[in-house]
Amino acid sequence: MSGLYLHIPFCRRKCPYCDFFSITATDSLVEAYPKLLIQHLAWATEHGWSGPVDSVYFGGGTPSLLKPEAIACMLQAINQRLGLAEDTEITLEANPGTVSQHSLAGYRSVGVNRLSLGLQSCNDDHLTLLGRVHNRQQGIDAFNWAREAGFDNISLDLMFALPGQTTAELEEDLRTYLELGPEHLSCYGLTAEPATPLQQRIITGELTLPDEEFYADAFMLVHEQLTATGYEHYEIANYARNGYASRHNLGYWKRHPYLGIGAGAHSFQDIQWGRRWDVPPDLSTYRQALHDWQEPMRCLETFDRQGALSETIYLALRTAEGVSDINLQRQFKTTLQEAFPEAVEKASPWLCRKGDCTAMTPAGWLLFDHLIQAFL
Ligand SMILES: C[S@@+](CC[C@H](N)C(=O)[O-])C[C@H]1O[C@@H](n2cnc3c(N)ncnc32)[C@H](O)[C@@H]1O
Ligand code: SF4
């Protein structure tokens, strides 16, 4: 079984910290874009990509700028072209400033069964600093409306380590999130991505990000509060109640195949040692390619055995399950210890063993970028 990712590359307004591919939405683009996605789907299925799929993910950008009717049309096309498994996880990313009771009820009624809400924070000053198009109350309303609409699988995004943020403010955010009681949370420390307005403000000294010590304390505070209240910290940035880990994301970390459509989307094929593809993040090139029935995607990387082994380990160590020796034996005829004895030795204070798996501890995840180097 494979997954399908649909990239929706527009937002009401660009957030100053964000480097995802998205431009400012216009009515004509919002209207025309779903047809491009349906054309891309037709192109892909006529050129060797096949289903059925058991996870569909509308990501962005801001998919909640699309009307429920447009989502319904795309789901119908996906079912016709690829086939949807009976219990397919269908996720839609929604920005709280772009939804209403009506639109949320509409998404649920056309088959979306998982909502990922970009709440980010419940502190109005921080939401303003992040340039969000919603305030605290709109975020809380959106969550409650989603529940009323029948969503029983909601994920909330939380951003922490914000400029000027105190521990008490983060604790207050966590309290509010826990009162809402989502099934899943994605928690990200704010990063200054290259060439974003946020990075510019940091370079000029207008803003300062918290230091490493605050970041580490905040990461561990989030971990402790959420695990103490019954969430599993199942990947560096992700927490879920039992049975609510994101199927889409788990597939990505396990190197399961998925097709990504839309300008800026990525795909993975499990042919031989694996291939990664992308669609260039440029709308006019994308439109032209589909108009001319030319390949809208390009192959970015064809893995050899060593590359596939390193990537398998890199992705698995991000998860609480860790790297399975049984899987490594089956796929690569080796174990973690055999393939990377020195890296295992170096990282050993931050590794733990669970059955046939080796996993990183949460303290290890804090040093992930550094520790993983020896495995690459
Ligand atoms: C594509 S967006 C989610 C949906 C929607 N666009 C929204 O913002 O509401 C993915 C998530 O990545 C996180 N994110 C984006 N840029 C980030 C950055 N520079 N630092 C930390 N988290 C970031 C935010 O939590 C954001 O909600
Ligand atoms: S709404 Fe989401 S995708 Fe759009 S700019 Fe903001 S963080 Fe990025």
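Begin by selecting Phe10, Tyr33 and Tyr286, which ring pairs link into a cluster; rings of Phe, Tyr and Trp (its six-membered ring) pair if their centres lie within 6.5 Å, with planes under 30 degrees apart counted as stacked, over 60 as edge-to-face and the rest as tilted. This is a predicted model, in which local features need pLDDT of at least 70 and side-chain atom pairs count only at pLDDT 80 or more, while totals for chains, interfaces and linings use all residues. Residues are numbered from 1 along each chain as its sequence is written, chains are lettered from A and ligands numbered from 1 in the order in which they are written, and side-chain values use heavy atoms, with hydrogens and water left out.

By the ring-pair rule, the count comes to ten aromatic pairs. Select next Tyr234 and Trp253, whose ring centres are 6.1 Å apart and whose planes stand at 70°, so the pair is edge-to-face. Because Tyr234 lies in strand S9 (residues 232-235) and Trp253 in helix H9 (residues 247-253), this pair ties together parts that are 19 residues apart in sequence; helices (H or I, at least four residues) and strands (E, at least two) are DSSP runs, numbered from the N terminus. Tyr234 is buried at 5% relative accessibility, and Trp253 is buried at 8%, where buried means under 20% relative accessible area, exposed over 50% and partly exposed in between (1.4 Å probe, protein chains only).

Move on to Tyr252 and Tyr258, an edge-to-face aromatic pair with 6.2 Å from centre to centre and 65° between the planes. Here Tyr252 is partly exposed at 33% relative accessibility, whereas Tyr258 is buried at 11%.

For charges over rings (NZ of Lys or CZ of Arg within 6 Å of the ring centre and within 35 degrees of the ring normal), select Arg108, which lies over the face of Phe151 at 5.8 Å from the ring centre, and then Arg241, which lies over the face of Tyr231 at 4.1 Å from the ring centre.

Now colour strands S15, S17 and S16, which in that order form an open sheet with antiparallel pairing; two strands pair if DSSP finds at least two bridges between them. The edge strands, S15 (323-324) and S16 (351-354), each pair on one side only. Four bridges join S16 to S17 (residues 357-360), and Cys352 has Ala359 in S17 as its bridge partner.

Finish at ligand 2, which is surrounded by residues including Cys11, Lys14, Tyr17, Asn95 and Arg132, each with a heavy atom within 4 Å of the ligand.
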